[in-house]
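Subject: Structure handover

Hello,

Here is the structure you asked about, followed by notes on what was found in it. Please read the notes with the model open.

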Amino acid sequence: MAGKRIGEGLKKRVGVFGGAFDPPHNAHVALALAAVAQLQLDVLHIVPTGQAWHKARALSTPAHRLAMARLAFAGLERVVLDERELKRAGPSFTMDTLEAVQAENPGAQLYLIIGADQFAVLKSWRRWQDILEIAIICVADRADSARTDAGFDPEIQARHAVLTLQLPLMPVSATEIRRQIGSGGASPQELAHLVPEPVARYIERHGLYISS
Ligand code: ATP
């Protein structure tokens with residue numbers, strides 16, 4: 001627990017990892033595990049987004065995405081499913097979630113976990129400067145968008161702590177999974193190496209992504 005960390009303060013460490021999770025896949029799970037271990041988090045909130053303002057396509061229903069996230073992240077130590085954005089009316093904004101989590105954990109240090117593609121566009125997020133003040137950003141490289149190519153303002157990286165999560169590049173995306181199922185190129189069972197097995201079964205049982 002926090003008190004056992006050598007050379008660290010006693011601040012609680014709370015991670016926030018948001019995503020559409022449509023569907024949640026193996027890179028999401030690997031990222032969550034890496035974040036908990038490497039940042040020594042006391043708790044990591046997995047936050048499925050509502051209708052994210054920056055995603056143009058319609059997402060699968062909140063019920064499906066929540067159910068799949070429960071299956072994908074089930075049993076991971078210190079990881080909790082956080083439904084607040086799904087319950088929020090209107091668009092989801094990360095800063096609102098961070099403020100709420102901070103209010104629930106006064107004095108805690110927040111860590112925002114994102115992939116390199118999201119880090120690259122962070123400056124387009126609502127109240128992005130406040131996000132950099134309230135949380136330490138922790139970035140995982142993606143096979144298709146390395147952080148060095150991201151074009152993110154280097155001045156910001158100089159002024160704010162931005163951590164890199166160590167994990168192997170995983171060339172998996174929800175878009176590609178949906179595309180493969182939609183084009184009939186792969187059955188959900190054949191995609192079992194890309195998503196946790198219970199998620200593959202859920203996709204198949206509910207016929208998700210078939211017409212996407
Ligand atoms: P889509 O293809 O629909 O955009 P996605 O695969 O990017 O979906 P999201 O739910 O949008 O999945 O991602 C949630 C978070 O996980 C984002 O911060 C994203 O950058 C990160 N992420 C997703 N896939 C990877 C991956 N393969 N490697 C590292 N980070 C990833």
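Two strands are said to pair if DSSP finds at least two bridges between them. Helices (H or I, at least four residues) and strands (E, at least two) are DSSP runs, numbered from the N terminus. On these terms, Gly19 stands opposite Pro48 in β2.

This is a predicted model, in which local features need pLDDT of at least 70 and side-chain atom pairs count only at pLDDT 80 or more, while totals for chains, interfaces and linings use all residues. Residues are numbered from 1 along each chain as its sequence is written, and side-chain values use heavy atoms, with hydrogens and water left out.

Overall

The chain has nine helices and six strands. Of its 212 residues, 50% count as buried; buried means under 20% relative accessible area, exposed over 50%, and partly exposed in between (1.4 Å probe, protein chains only). The accessible surface of the chain is about 10300 Å², and 55% of that belongs to carbon and sulfur atoms. These areas come from the Shrake-Rupley method with a 1.4 Å probe, and for residues only the protein chains shown count as cover. Taking contacts (heavy atoms within 4.5 Å) between residues at least 6 apart in sequence, 76% join residues at least 24 apart.

Strand β1

Six of the seven residues of β1 are buried. β1 pairs with β2 in the parallel sense over six bridges. Five bridges join β1 to β4, and these two strands also run parallel. On that side, Val16 stands opposite Leu112 in β4.

Helix α4

The buried residues of α4 (residues 94–104) are Met95, Thr97, Leu98, Val101 and Gln102. Seen down the helix axis, they fall within an arc of 160°, so they line one face of α4. The arc is taken from the directions from the helix axis to the C-beta atoms. Their cover includes β1 (13–19), β2 (43–48), α3 (84–87), β4 (109–115), α6 (128–134) and β5 (135–140).

Aromatic rings

There are two aromatic pairs in the structure. Rings of Phe, Tyr and Trp (its six-membered ring) pair if their centres lie within 6.5 Å; planes under 30 degrees apart count as stacked, over 60 as edge-to-face and the rest as tilted. Phe17 and Phe21 have ring centres 5.5 Å apart and planes at 80°, so this pair is edge-to-face. Phe21 and Phe73 are also edge-to-face, at 5.6 Å centre to centre with 70° between the planes. Phe21 lies in the loop between β1 and α1 (26–38) and Phe73 in helix α2 (residues 62–73), so the pair ties together parts that are 52 residues apart in sequence. Phe17, Phe21 and Phe73 form one aromatic cluster. Phe17 and Phe21 are both buried, and Phe73 is buried as well.

Elsewhere, Arg126 lies over the face of Phe93, at 4.6 Å from the ring centre. A charge sits over a ring if NZ of Lys or CZ of Arg is within 6 Å of the ring centre and within 35 degrees of the ring normal.

Backbone points to check

Most residues other than glycine have a negative phi, and most peptide bonds are trans. A cis peptide bond joins Asp22 and Pro23, with omega about 5°; Pro23 lies in the loop between β1 and α1. Gln40, in the loop between α1 and β2, has a positive phi of about 50°. Arg127, in the loop between α5 (116–120) and α6, has a positive phi of about 55°. Gln40 counts as partly exposed because its relative accessibility is 38%, and Arg127 counts as partly exposed at 30%.

Regards
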